[in-house]
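Welcome! Please take a moment with the sequence and the 3D view below, and then read on for a short tour.

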Amino acid sequence: MEIGLERAAAAAIETEALVVLGFLEHVPEPVRDLGEFSGKALETTLVHRPAGFLAKRLFAIGGGRLSEFTSADLRKAAGTAVRALKAKAVTRIALSLDPGYGSAEFVAAAVEGAILGAFEPDLHKTQKGDKPPVASFTIVTASEDAEAGIARGRILGEAQNLTRTLVNEPANLLPPMALAARAEAMARAQGLECEVLDQDRMKQLGMGSLLGVAMGSAEPPALIVIRYRPADPAASNGAHLGLVGKGVTFDTGGVSIKPAEGMEKMKYDMAGGAAMIGAMQAIAQLKPSIPVTALIPAVENMCGSRAQRPGDIVTSLSGKTIEVLNTDAEGRLILADAMTYARRLGCTHLVDAATLTGAIVVALGHVNVGVFANDDALLTKLLAAAKAEGEKMWHMPLDEEYKDQLKSAFADLPNIGTRWGGAVTAAMFLKQFADDTPWVHLDIAGTAWLDEEKPHLAKGPSGVGVRTFAYLAANW
Ligand code: BES
Ligand code: ZN
Ligand code: ZN
């Protein structure tokens with residue numbers, strides 16, 4: 001999709017559809033006469049051959065109350081407009097933004113919304129439907145900040161769609177080594193360094209916790225390491241951000257096997273890793289002042305004859321021994337070694353993202369990401385980034401009391417707690433491997449996949465986290 005900028009007045013824009021915002025307090029002229037549009041959030045109306053406009057259609061979309069309208073609302077409105085017009089085979093779309101919404105923040109959000117709205121998870125359909133893809137999306141504004149907003153919006157929208165494309169791939173087409181190849185291709189295109197640690201190298205290093213998970217699969221594991229280095233290393237004041245993402249390309253549960261119903265969705269169990277690959281693409285283009293290293297432990301959790309068994313004891317890279325009481329709690333096992341390795345590589349701050357627990361879905365549903373942290377300063381930064389980028393996140397507790405659940409008679413710690421507070425005990429397990437490094441953990445099990453289509457987004461992978469991680473690095 002081509003992204004353009006027009007500085008002319010909205011009425012003078014020649015396009016197939018001109019999108020205008022309406023509000024409860026202010027409904028734009030050509031729509032007001034119809035009396036069928038109130039301006040409430042995401043309400044839409046289409047007017048053909050609007051009087052006084054060169055556009056073939058005027059598409060009004062509601063923004064709700066003017067005083068409460070945010071860039072997050074604009075992102076959704078732009079996505080909703082693109083999807084509604086795409087369904088009508090409209091391929092050239094323009095969005096008129098009043099001066100009040102011409103800041104880089106609002107323009108970026110509009111561009112992101114359009115790029116995200118245009119995404120369809122139909123790569124493997126040989127019949128894509130009869131509607132052509134949207135060819136162009138043009139921002140119409142007199143604002144001086146529009147160029148910067150368009151550039152940033154395009155970077156973030158495309159990065160998030162890269163993540164969605166990766167998450168959408170089925171596990172047969174994207175095993176760990178293929179995911180690594182995709183990360184390498186992205187890194188090459190963006191001028192980033194990428195190194196893939198194979199099974200032998202991980203054995204040498206002593207990553208027994210990660211390798212144990214990989215045992216049951218014929219697909220070899222990979223630890224993907226992508227590095228961004230700023231032009232001036234001194235400008236970062238010693239900070240080095242590590243982005244760790246769970247890359248389980250398929251989660252059968254292993255010997256502690258999952259029920260058949262819904263298991264196909266477990267191809268999304270690498271959404272945390274894919275979010276870090278997308279974020280690194282954006283970071284390469286935004287060029288923050290701090291070094292950023294992404295680490296993606298990629299494995300397939302299968303139940304082959306070499307699979308690890310409940311009761312197995314593995315030695316992690318940190319030296320801690322772990323009793324594997326449930327092979328389906330594999331995410332934390334691979335993240336543990338990746339986090340230890342991140343600290344060895346010099347990361348001073350860690351952020352991890354993982355489709356880690358069903359329990360977070362019970363706690364927060366499909367709305368908020370669950371956020372756990374051992375450091376208030378990093379937590380504050382992360383939540384500010386999420387707010388700025390319109391990604392909903394909720395701070396969850398991580399009191400020491402939860403650690404009582406992590407006792408093993410036979411090893412240093414078990415990989416599961418009791419039935420209760422499952423998302424917290426999973427985070428508490430990870431905390432043991434962050435040690436004294438400031439760390440934030442995002443459980444994205446409820447938010448990385450949309451079971452139903454939304455007005456502004458297709459069903460399937462959401463790409464959650466990408467914008468927040470890129471913003472965090474860019475605004476460090
Ligand atoms: N990938 C799953 C988390 C998950 C489960 C995401 C259901 C979405 C829906 C993870 O590896 C897992 O299986 N976790 C277990 C942990 C349990 C065995 C302690 C879970 O949440 O059931
Ligand atoms: Zn699992
Ligand atoms: Zn999993």
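This is a predicted model: local features need pLDDT of at least 70, side-chain atom pairs count only at pLDDT 80 or more; totals for chains, interfaces and linings use all residues.

## Before we start

Residues are numbered from 1 along each chain as its sequence is written, chains are lettered from A and ligands numbered from 1 in the order in which they are written, and side-chain values use heavy atoms, with hydrogens and water left out.

## Around ligand 1

The shell around ligand 1 holds five nonpolar, four polar and seven charged residues. A residue belongs to it if one of its heavy atoms lies within 4 Å of the ligand. Of these 16 residues, K258, D269, D328, E330 and G358 come nearest.

## Two zinc ions

Donors are N, O and S atoms within 2.8 Å of the metal (3.2 Å for Na, K and Ca); water is not among the atoms, so sites may look incomplete. For the zinc ion (ligand 2), D251 (OD), D328 (O), D328 (OD) and E330 (OE) coordinate at 2.0 to 2.2 Å. The donor residues of the zinc ion (ligand 3) are K246 (NZ), D251 (OD), D269 (OD) and E330 (OE), at 2.0 to 2.4 Å.

Which residue bridges the two zinc ions? D251 does, and the ions lie 3.2 Å apart.

Six donors count as octahedral if opposite donors are over 155 degrees apart and all others between 65 and 115. The site of ligand 3 is octahedral, with angles of 78 to 172 degrees among its six donor atoms, whereas that of ligand 2 is irregular, with angles of 70 to 167 degrees.

A cavity is a set of points on a 1 Å grid over the protein atoms alone where a 1.4 Å probe fits but cannot get out, and its lining residues have an atom within 4 Å of a point. The largest cavity has about 30 Å³ of space. V213, G254, V255, N301, M302, A307, Q308 and T327 line this cavity; four are nonpolar, four polar and none charged.

Notes: Ala, Val, Leu, Ile, Met, Phe, Trp, Tyr, Cys and Pro count as nonpolar, Asp, Glu, Lys and Arg as charged, and the others, Gly among them, as polar. On a 1 Å grid over the protein atoms alone, a cavity is a set of points where a 1.4 Å probe fits but cannot get out, and a pocket is an open set with protein on both sides within 12 Å along at least five of seven lines; lining residues have an atom within 4 Å of a point. Grid points are joined across faces, edges and corners, and a volume is the space filled by probe spheres set on the points. Four donors count as tetrahedral if all angles lie between 85 and 135 degrees; four count as square planar and six as octahedral if opposite donors are over 155 degrees apart and all others between 65 and 115; anything else is irregular.
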